[in-house]
Structure formats: structure tokens, C-alpha cells
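Hello,

Here is the structure I promised to pass on. Please have a look, and then read my notes below.

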Amino acid sequence: MTLWDRLLELDRRWIFLGIALAVAIPIITGYALPQGRPAPPTVRLFQFVEDLEPGDVVMVAFDYSPSSMPELHPQAYAVVRHLLQREIRVLSVSLNPQGTALGREVLAELAHELDAEDGVDFVHLGFMPGGSQVILGMGESITRVYPNTPDGRRTADLPVMEGVRNYDDIALLVDFAAGNLPFSWIAFAGERYNQEIAAGITAVMATDLYPYLQSGQLIGLINGLKGAAEYELLLDLDPVEAPGMLGMSAQAIAHLLIIVLVIVGNIAYFASGRHRRR
Amino acid sequence: MRLQIPLVITFLAGLFMAVQWFVPHELGVTVYNELLNWGRIVAAFALVLGIQSLLRTHVEKIRRQREDWPYSAVAIASFVLMVVVGIGWGHERGTGFDWIFRHVQVPLDATMFSLLAFFIASAAFRTFRARSTEATLLLVAAIVVMLGRVPETLIVVLGETRPGLWMHAVMPDVSEWIMDFPTNAAKRGIIFGVSLGSIATALRILLGIERSHLGGGGGGGP
């Protein structure tokens, strides 16, 4: 057995160890790589928020579960931080039952940090089953779909809801999702009610949503952890305290390792002559 | 009658939803809102059905002591615990429900998903081969897109040399071009195909040709 053959038969536990080290070392040491310039879809969302006036209303949908947290939570923190800093009112909803607790966490922590008041500057309306029916229903009346908040307050009585009836009064909808819900928001809120929509998604979903970005059905797109880091960069956050930028160092090293593995695997494949044995 | 009545309801509801999309009459909007309310109520009942199905499956597994039945016992015990804690003490921030969610479910869920990184790396090493022209194109595009997504790695490998800085500047644009044009072109084709298929399926359901949604197994009619 040649060296190349032995390489091709490499015990996969060595690869697992390599990935574990590539991810863990940058996070443990707080090693922050310099960030590249933000991608245009991220900049477009950032600029859209910059152009809003204080008092405008943005709906944020937390449609993800803990499995996607490492990518989507930093995105949500960055965008909601930007909205609250600019004194834009935030209404948050969730069409994923697990997303409601994650959304509540983002809002509670940022409200504490930025001194925003629940019910005045933002409100978390929570989970509602029904998917597309919920999206369509809010096009007619948000308070009809969400008559009360999860903690029992009447939604219509909250100061944050002043002048807000349906999508006509929402300047932008940002959906953070790891599944098919962005397509429902685009089809039902965007196409039916002309709602401006942006999405924060996991990196594997990017190819599915790029067509909607090009067609203008999405005004912006935050793509994976990279997108979160880009948004944090635009917000001028400290890299060591920004989860997206910190996580990107780990992801960059892991990507590098995978690229090296693919190249080495191909060299070994051809050098061992296995391509002729097919 | 058991077959005809659901088919008539499906046809009328589908026809109404399609027509009201184009005719925003006040009466239509009122009925539409009512139907949306019904839809949300039906969706809530679907949750109940899901829970019943989950419990039945696991109880049956425990009763017959099938392979790995202790996991089913853990699933049911976890379910009951969350229901009792959630209904008994609420699910707001700071409650027991919230604590279990954040300290048990979140790490478990994240752990399951993070395993993907290990398997993807191993699979990439073993199977991602330039065996043909198409595979080589895919391989090159994948590496370019990966480098474009994390151009910082080029600085790690090449340092702040001229080639390193040049590739650091260019790779994101090349990656964006691949996503914007070749990928989008293929993706649009898939979307058109799926959309036409969805419209055809919707028409088959409305016209009563496709009846699998009525239960009882089997696909369509003629």
C-alpha cells in the first residue's frame, strides 16, 4: 500500500479531531480574523434600516429553532440592535414554536442593554400556529391575529401598536429562518400585500433565496454567520464581543481545513492511480 | 356522500380563495377573514393530532418493549415534564420551562446540528473527486464560493502578500457572480418546474382528481 493509498484510507476520526480543533481554538483564544468587505445583500438591508425614520415599525419574525442558533442568533442580535438603536419600533412574531423563546431572549437582552421599553419600543407577540394563514391574517389585521401578547396584555392597547393595523403600517419585515418560511412570507405578505421583506437565513439556504433577491422580492439578505459578521462590521461592533465576527474566525479556519482536505483527497486519488481503476 | 361532500367543500373553498385574490369586494374580504380564522383553528387542532400521534407511537413501543424502547420512555417523560412545568408555572423568561428550554433543549439541538460539520468534512475528503468534467466544474465552483465566503482564509494562507491581498479582494466578487448568474439560472429553472407542478397539483385537488388528502391511502383518481 502506497503513501497515497494510506492517505485515502485515513481514519475519519483524525478528520473529526482536525475540525474540532479548527473550531474550538479560535473561539477559546478569541482569535478574530480581519473581516472582508460586506456582501451587497447585507449592505442593502443595513442601508434600508438606516433610511427608516425613528418611530417607523419593523416586524421581525423569529422562525428558527436552537439547531440554527449559531448562525441565526448573531444575525437577529445585530439587526434588532440596529433597529432599537435607531428608535424604530419592533414587533416580533414567531411561526416556529421554538423560535418564540429565542426571540424573547434577543429582545429582553437588547432592551436591557439599550434601555428600550417593552410595549413602547417593542413587543414580542410570540408563536401562533397556522403558518401561511397567520401571514395572510396579519395583512388584514395584526391585532385580530394576535389579540393578546403571550403575557396577557391586550395588543391593541400597547403604545408600540399606535397607528399599526396591518402590513400597510409596517416599513419592513425581517424573517430569520432556517426552513421554508421565507418563501411563505414572500408569497403571502410580499406578493399579496406588497410588504417589503428581508431575510436572515442559514448559509445552505442561500442558493434557494438568491433568485428572490435578484427579482427584488427581497430587499436584502443576511447569509449565514458570514452575513451576521458583516452586519456587525457595518454596526462597527467590537470584533471580540460580536458573536458573528468571533464565530467567523472558527468558520474560516474550518472552511480552510475542508478545502485542504478536498485538494489533498483529489491529489491522493489521482496519484494513487485509483481513477484508472474505475 | 362521504366522498362527495368533502370534494365539494374543497372545490368551493379553493375556488373562492382563488377568485377573491383578484376581486377585493367587501363581502369577499369578510368571508376571506373568516376562512383565515378557521385555518388557524384547524392548524391548532393539527398540533393536537400531532401530539396524539407522537404519544401513541411511543406508548405502543414501550408496551411492546420494542428495540430502544427506553428512549421512548424518555421522550414521553420529557413531554409530560414540559407540559406540567409550562402549564403550572408559565413559560415566560425566568420560569422553569424557560430554564429547561435554554439549558437542555438548546444545547441538545445545537449539538445534533453541529455534528454535520464533522460528517461534511469527512464526506468532502472521501467523495468530492474530480472524476469527470462536470464534477471538476462543481469542485472548482465550490472551492471558489467557499473562499469567497471566507476570504480571510487567503490572508491566513498567503499572508499579506500581493497575491494574497489580490485574491482577498477578488474572490468575494467571483463568488457573488457564481451565485448571481449560473446558480440563479439553474435555481430559477427548478423554481419554475416546481411552481408549475404545484399549480397542476392544486388544480387536480380542486377538481377532485387528486384525492389522497381525504385519507384512506392511494393517490389520485383517473
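**What I found**

Chain B has 7 helices and 0 strands, where helices are DSSP runs of H or I with at least four residues, strands are E runs of at least two, and both are numbered from the N terminus. Its pattern along the sequence is α-α-α-α-α-α-α.

Please keep in mind that this is a predicted model: local features need pLDDT of at least 70 and side-chain atom pairs count only at pLDDT 80 or more, while totals for chains, interfaces and linings use all residues. Residues are numbered from 1 along each chain as its sequence is written, and chains are lettered from A and ligands numbered from 1 in the order in which they are written.

Of its 222 residues, 12% count as buried (20 or more other C-beta atoms within 10 Å of the residue's own, with C-beta atoms placed from the backbone).

Now to chain A. Helix 10 (residues 224-234) is largely enclosed by the rest of the structure, because 10 of its 11 residues are buried. Among them are A:L225, A:Y231 and A:L233. The cover over these buried residues includes helix 11 (243-271) of chain A and helix 5 (133-149) of chain B. After helix 10 of chain A comes A:D236, with a positive phi near 65°.

Best wishes

Definitions and conventions
Two residues are in contact if their C-beta atoms, placed from the backbone, lie within 7 Å.
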